[in-house]
Amino acid sequence: MKVLFCIALVLVLAGCQKKDLVPPQVLESISTIQSKYAPDKRTSIFNVQVIPLGGKFILKGETNHAEAKAEVLKVLSTDIYIDSVEILPSISLQGSHFGIITIPVANMRSNPSHSSELSNQLLSGTVVRNFKKINGWIYCQTPDDYLGWIDQDAIQMIDSTELSAWLNRAKIIITQDQTYLFRSPSKSSEVMSTMTAGSIVATGDDHRDFYEVFLPDGRTGYIPGAHAKDFKLWKVLQSKNKNSAEILKTAYSYMGRPYLWGGTSGNGMDCSGFTKTVFFQHGLLLPRDASQQANVGMPVETDTTLINLQPGDFLFFGRHATPSTPEKVTHVAIYAGNGKIIHASGYIREQSLIRTDSTFTEQRLMSLLKATRPLASPKEHGIPLLSDLKYFN
């Protein structure tokens, strides 16, 4: 997994004498390290406070990579700076450095609170890396490196040995949009949980028309056989079956679903959650946000004439660059051909970038920034196959 780091430098200088000021060369060095290790705070950890104290400075904070901390310490005098930066994962986790999502859809939030912004969602069976725990919330990282907080009740906390055991188990992936986990191999038995397309669960013996399944927290039940597929066979099939017609078929199956900021499941999706969900169901792992998705896939030259576009391409929208402000990607859609796009805008719907069409959207046409082709050699353009990722064994 690539390792990226975000350095947020907080200087507490109020009331300090000049001798307590952080030397400019130190600030410059830290800025250089930030540029090197931390281009995106959504996928990286390095929070440092520099606190003046009686002619010395305390380095206080945390990072999940010792090398980044070591580079900071190299530019400092050990006689002046007191190191108090913690290397994550926190020792308070007692070795439970991994977790597996145990509920149908787990909400990931920007801060450790149910009232905090919803930033992401994870499906049952997703493996995360744990970094620290606060008041029953786990700060963790998804397989695509996205960071956030998840309620500990949604995660089965495990160590590296337990992770290996889980990854080596036989699994199925839910392919039905929505289904149920039953207490016994009968649709008339007690429902234990809903299950969502893309969820991954361990499996045991077949029971006629049902899979016996095991959730990460030890619960067992049964899934209708027609609603899931053997995960290994599914990955092989998806690695060979990637075309725009299948992608668009999946995309259109979500028509009318509600827009949900931070949503990445069939229950509700934002624009990048929609593209991510669709492509995941075809064995491809996209980054979480639209601005990140704009950096992967083969670039395609286009403009408001939509020249060179093919069905299945991604179109990115947002703020055009000006002499004083940079370009900013804020939205993504899938190109459906003939000037039409399908995207999450209020709800999952089809609109057009052709002025004469009844569903024409002026806002999107005027804010079109760029296009990519995610289906063109995805691995070579930053989009890994699930079959190549260790957390999806």
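An open sheet of six strands, arranged in the order 21-26-22-23-24-25, pairs in the antiparallel sense; strands here are DSSP runs of E with at least two residues, helices are runs of H or I with at least four, and both are numbered from the N terminus. Two strands are taken as paired if DSSP finds at least two bridges between them. The edges are formed by strand 21 (298-300) and strand 25 (347-352), each with a single partner strand, so one side of each is left without a neighbour in the sheet. From one strand to the next the twist averages 35°, with axes fitted as lines to C-alpha atoms (for helices over the stretch in contact) and angles running from 0 to 180 degrees between N-to-C directions. The model is a predicted one, in which local features need pLDDT of at least 70 and side-chain atom pairs count only at pLDDT 80 or more, whereas totals for chains, interfaces and linings use all residues. Residues are numbered from 1 along each chain as its sequence is written, and side-chain values use heavy atoms, with hydrogens and water left out.

Within this sheet, strand 23 (residues 328-337) and strand 24 (residues 340-345) run antiparallel and are joined by three bridges. Isoleucine 334 has isoleucine 342 of strand 24 as its bridge partner, and glycine 337 stands opposite lysine 340. The hairpin of these two strands has two residues between them, and asparagine 338 takes a positive phi near 55° there. Strand 24 is also paired with strand 25, in the antiparallel sense and over six bridges, with isoleucine 341 opposite glutamine 351. One residue lies between the strands in this second hairpin, where glycine 346 takes a positive phi near 85°. Strand 24 is largely enclosed by the rest of the structure, because five of its six residues are buried; buried means under 20% relative accessible area, exposed means over 50%, and partly exposed lies in between (1.4 Å probe, protein chains only).

Helix 5 (residues 244-252) lies across strand 23, strand 24 and strand 25, at about 110° to strand 23. Helix 6 lies across strand 22 (314-319), strand 23, strand 24 and strand 25, and runs at about 45° to strand 23. Helix 6 (residues 271-280) is mostly covered, with ten of its ten residues buried; among them are Phe274, Lys276, Val278 and Phe280.

Another open sheet, of seven strands, has the order 7-6-10-9-8-5-11 and antiparallel pairing. Strand 7 (118-123) and strand 11 (155-158) stand at its edges with a single partner strand each, so one side of each has no neighbour in the sheet. Direction ignored, neighbouring strands of this sheet are turned by 40° against each other on average. Strand 8 (residues 127-134) pairs with strand 9 (residues 137-141) in the antiparallel sense over five bridges, and lysine 133 stands opposite isoleucine 138 in strand 9.

The largest pocket holds about 740 Å³ of space. On a 1 Å grid over the protein atoms alone, a pocket is an open set of points with protein on both sides within 12 Å along at least five of seven lines, a cavity is a set where a 1.4 Å probe fits but cannot get out, and lining residues have an atom within 4 Å of a point. Grid points are joined across faces, edges and corners, and a volume is the space filled by probe spheres set on the points. Of the 33 residues lining the largest pocket, Arg42, Glu117, Ser119, Tyr146 and Asp289 lie nearest its centre. Strand 2 gives the most to this lining, with four residues. The lining comprises 14 nonpolar, eleven polar and eight charged residues, where Ala, Val, Leu, Ile, Met, Phe, Trp, Tyr, Cys and Pro count as nonpolar, Asp, Glu, Lys and Arg as charged, and the others, Gly among them, as polar. Aspartate 289 is found in the loop between helix 6 and helix 7 (290-293) and counts as buried at 14% relative accessibility. Neighbours within four places in sequence left aside, aspartate 289 is in contact with Arg42, Tyr146 and Ser272, contact meaning heavy atoms within 4.5 Å.

The count of cavities of 30 Å³ or more comes to two. The largest cavity contains about 280 Å³ of space, and of its 23 lining residues the closest to the centre are Gln121, Leu123, Thr126, Lys276 and Phe280. Strand 7, strand 19 (264-265) and helix 6 are the elements that give two or more residues to this lining, which divides into nine nonpolar, twelve polar and two charged residues. The second largest cavity has about 30 Å³ of space.
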